[in-house]
Amino acid sequence: MIHALGDTWTITRRDLTHWVARPGLLAVGLLFPVMVVLMFGTLFGGAIATPGGDYIEFLLPGMLAMTMLFGLESTMTSVATDKNRGVTDRFRSLPMSGAAVVLGRCLADLLNSVLGLAVMVVTGLALGWRWHEGLGRALTAFALLLLLRFALLWVGIYLGLAAKGPESVTAVQILVWPVLFLSNAFVDTSTMPGWLAAVADWNPLAATAAASRELFGNPGWAGGGSWVTDHAMVMAVLWPVLLTAVFLPLSVRRFRALGE
């Protein structure tokens with residue numbers, strides 16, 4: 001176990017070193033969600049119906065959840081790049097824990113997500129967003145956001161290991177946007193047609209966004225009154241646990257099957 005933890009930290013430092021060597025890519029990844037917040041919060045916000053009347057207060061929790069989803073693309077791209085360049089095979093040939101390769105990537109991306117959350121929180125505070133339910137509940141909301149990110153990391157790792165080439169990565173990058181918009185990140189689902197609202201409410205992203213709004217004391221967390229919106233806190237835990245339970249074993253199996 002001690003050797004496995006050491007190997008995991010070695011891979012983590014390797015991935016962190018890549019970001020230090022390419023600060024431009026890191027900056028783009030951190031600032032792109034900021035651009036989306038500024039665009040929707042200041043450019044389109046006045047035209048969007050908002051529960052409670054303050055669109056920035058409604059928008060920020062959804063954007064924090066959005067940041068967790070955007071990380072899926074970078075995780076998949078990094079894993080697929082290492083696999084296609086033979087880096088993963090070289091790691092597999094070394095006397096090191098096989099689990100460290102995927103766990104190191106998971107830990108590095110999770111640290112990157114903490115930094116991304118910090119940037120988004122600072123942006124929200126500058127735009128007038130606040131949490132109103134105390135620091136303890138706010139920290140719980142951040143924990144739920146990182147729990148979602150942890151689950152999506154395993155989705156990204158599995159897709160990266162399963163990707164056949166660059167076209168697979170491109171397809172996922174395109175599909176991220178429908179998943180993002182088909183949620184409550186930008187608008188209250190009660191304003192949608194009934195069938196569409198039902199689909200959006202069951203989006204894991206919507207559960208975490210709604211639970212975060214409730215914990216922050218921001219408007220819009222109650223949703224349309226369906227079972228899933230009334231139990232957003234429960235769903236914000238169940239969805240990540242379910243995704244992790246499915247994709248973590250799949251990732252391990254796929255990693256072990258490389259080269260066969």
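These legends describe close-up views of cavities and aromatic contacts in a predicted model.

**View 1. The largest cavity and the residues at its centre.** The model has three cavities of 30 Å³ or more. The largest cavity has a volume of about 120 Å³. Its lining is made up of 13 residues. Those nearest the centre of this cavity are Val 79, Asp 82, Thr 88, Val 101 and Arg 105.

**View 2. Helices around the largest cavity.** Five elements each supply at least two residues of this lining: helix 1 (2–21), helix 3 (55–84), helix 4 (87–93), helix 5 (99–127) and helix 6 (135–162). Sorted by class, the lining of the largest cavity contains eight nonpolar residues, four charged residues and one polar residue.

**View 3. The second largest cavity.** This cavity has a volume of about 40 Å³. Asn 184, Asp 201, Ala 206, Ala 207, Ala 210, Val 228, Thr 229 and Ala 232 line the second largest cavity. Two or more of these lining residues come from each of helix 9 (204–216) and helix 10 (227–230). Helix 9 gives the most, with three residues. By class, five residues of the lining are nonpolar, two are polar and one is charged.

**View 4. The aromatic pair of Phe 32 and Phe 70.** The structure holds 14 aromatic pairs, and one of them is formed by Phe 32 and Phe 70. The two ring centres are 5.4 Å apart, and the angle between the planes is 55°, which makes the pair tilted. Phe 32 belongs to helix 2 (residues 23–44) and Phe 70 to helix 3, so the pair ties together parts that are 38 residues apart in sequence. The relative accessible area of Phe 32 is 31%, so Phe 32 counts as partly exposed. Phe 70 has a relative accessible area of 11% and is therefore buried, the cut-off for buried being under 20%.

**View 5. A cluster of aromatic rings.** Phe 32 and Phe 70 also belong to a cluster linked by ring pairs. The cluster includes Phe 40, Trp 177, Phe 181 and Phe 186 as well.

**View 6. Arg 213 and the ring of Phe 58.** Arg 213 lies over the face of Phe 58. The distance from Arg 213 to the centre of the Phe 58 ring is 3.9 Å.

How values were computed:
Residues numbered from 1 in each chain as written. Predicted model: local features only at pLDDT ≥ 70, side-chain atom pairs only at ≥ 80, totals over all residues. Heavy atoms only, no water. 1 Å grid on protein atoms, 1.4 Å probe; cavity = no way out; pocket = protein on both sides within 12 Å on 5 of 7 lines; lining within 4 Å. Points joined across faces, edges and corners; volume = space filled by probe spheres on them. Helix = DSSP H or I, 4+ residues; strand = E, 2+ residues; numbered from the N terminus. Nonpolar A, V, L, I, M, F, W, Y, C, P; charged D, E, K, R; others polar. Phe/Tyr/Trp six-rings, centres within 6.5 Å; stacked < 30°, edge-to-face > 60°. Buried < 20%, exposed > 50% of the residue type's maximum accessible area, 1.4 Å probe, protein only. Lys NZ or Arg CZ within 6 Å of the ring centre and 35° of its normal.
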